[in-house]
Amino acid sequence: MTDSGPARLNHRIAHEDGDGTVIATVAFDGDLDLPVVEEFRAAVSRERLGDAGAVIIDLSAVHFIDSSGIHALVSVWKELGDSGRRGAIVVAGDSNVERVLGLTGLLEELAPVPDHATAVASIAGER
Amino acid sequence: MMDLADAPTPLEIRLAAVPPSVTEARAAVARYATDAGADAADVELAVAEAVANSVLHAFRGEEAGTVTLRATLTGDALVVEVSDDGSGIRPNPEGGGLGLGLALIGRLTESFSVSEPDRGGTSLRMSFPLDASEGIDD
């Protein structure tokens with residue numbers, strides 16, 4: 001039997017002022033599959049987001065996502081909405097993540113944007 | 001169509017039915033698919049879904065068993081089988097998933113079938129076209 005290698009998903013959190021609203025950007029780098037879905041959820045947990053009024057989930061450096069990752073993303077997205085936070089998801093165009101969102105029929109619901117600047121503008125436009 | 005004399009050696013690996021095996025299985029099959037001339041992205045994602053199904057559903061309430069991944073060429077297709085020695089196909093009301101796994105596999109494969117072999121467990125057999133240019137489009 002083969003030993004399994006470590007799962008790979010890194011993230012960093014940055015906060016910025018978006019015209020009076022604290023925007024937390026959680027940027028992920030790596031693969032979002034079953035072994036790391038709890039890491040993903042923890043990274044966007046209430047405790048980690050602090051008093052941010054808006055959240056950007058940046059998946060532009062995520063190279064692989066499967067249905068476990070999609071389920072975690074949708075779950076987190078709904079929780080953010082339920083908590084009253086605005087949000088945006090960044091997905092690179094023509095990426096694996098965009099393709100899987102398309103295959104699962106979630107592109108319209110999650111409405112990802114291609115970069116951070118567009119995400120900030122999108123959040124500002126929701127006010 | 002690939003000459004079978006040039007085909008990569010069939011792949012067979014056995015993994016513990018635990019989450020990290022999803023990552024290992026898809027990495028191994030992606031390399032094999034690339035060598036075989038199949039669409040590695042399609043094969044990798046489908047295998048991730050298949051192995052995750054075994055990990056999440058085949059051993060509920062039991063000690064985790066084994067997932068076996070086999071990949072081979074038939075001349076015009078890459079055939080991948082993911083089998084486990086679990087308790088067979090059962091609905092999981094606590095699964096909490098979106099039910100996307102098998103739907104994705106259906107979108108990514110030329111054909112697939114699920115069976116419960118006499119030896120027990122579940123076997124998922126998937127077929128992919130060999131010419132990557134004929135991969136499944138969005």
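Predicted model: local features only at pLDDT ≥ 70, side-chain atom pairs only at ≥ 80, totals over all residues.
Residues are numbered from 1 along each chain as its sequence is written, chains are lettered from A and ligands numbered from 1 in the order in which they are written, and side-chain values use heavy atoms, with hydrogens and water left out.

**Chain A overall**

- Along the principal axes, the C-alpha atoms of chain A fill a box of roughly 55 × 30 × 25 Å.
- Of the 127 residues in chain A, 48% are buried, where buried means under 20% relative accessible area, exposed over 50% and partly exposed in between (1.4 Å probe, protein chains only).
- Chain A has an accessible surface of about 5800 Å², with 47% of it belonging to carbon and sulfur atoms; such areas come from the Shrake-Rupley method with a 1.4 Å probe, and for residues only the protein chains shown count as cover.
- Among contacts in chain A between residues at least 6 apart in sequence, 68% join residues at least 24 apart, a contact being heavy atoms within 4.5 Å.

**Chain B overall**

- Buried residues account for 49% of the 138 residues in chain B, and its accessible surface of about 6400 Å² belongs to carbon and sulfur atoms for 49%.
- Of the contacts in chain B with a separation of 6 or more, 67% are between residues 24 or more positions apart.

**Nonpolar cores**

- The largest nonpolar core has 71 residues, and those with the most contacts inside it are Phe40(A), Ile57(A), Leu59(A), Leu78(B), Val80(B) and Met126(B); a nonpolar core is a set of buried Ala, Val, Leu, Ile, Met, Phe, Trp, Tyr and Cys residues joined through side-chain atoms within 4.5 Å.
- Helix α2 (residues 40-57) of chain B gives the most to this core, with 9 residues.
- A second, separate core of 8 residues includes Ile23(A), Ala54(A), Ala88(A) and Val113(A).

- The structure holds 1 aromatic pair over all chains, formed by Phe28(A) and Phe40(A) in a tilted arrangement, with 4.8 Å centre to centre and 40 degrees between the planes.
- Rings of Phe, Tyr and Trp (its six-membered ring) pair if their centres lie within 6.5 Å, and planes under 30 degrees apart count as stacked, over 60 as edge-to-face and the rest as tilted.
- Phe28(A) lies in strand β2 (residues 21-32) of chain A and Phe40(A) in helix α1 (residues 37-43) of chain A, so the pair ties together parts that are 12 residues apart in sequence; Phe28(A) and Phe40(A) are buried.
- Arg26(B) lies over the face of Phe64(A), at 3.8 Å from the ring centre, where a charge sits over a ring if NZ of Lys or CZ of Arg is within 6 Å of the ring centre and within 35 degrees of the ring normal.

**Selected residues**

- Ile105(B), in helix α3 (residues 100-108) of chain B, counts as buried at 0% relative accessibility, and its contacts outside four places in sequence are with Ala46(B), Glu49(B), Ala50(B), Phe112(B), Leu124(B) and Met126(B).
- Arg12(A), in strand β1 (residues 9-18) of chain A, counts as exposed at 59% relative accessibility, and, leaving aside its neighbours within four places in sequence, Arg12(A) is in contact with Thr25(A), Val26(A) and Ala27(A).
- Asp94(A), which is not a glycine, has a positive phi of about 60 degrees; Asp94(A) is placed in the loop between β4 (86-90) and α4 (96-103) of chain A and counts as exposed at 76% relative accessibility.
- Ala111(A), also a residue other than glycine, has a positive phi near 45 degrees; Ala111(A) is found in the loop between α5 (107-110) and α6 (116-125) of chain A and is partly exposed, with a relative accessible area of 48%.

Terms used
Helix = DSSP H or I, 4+ residues; strand = E, 2+ residues; numbered from the N terminus.
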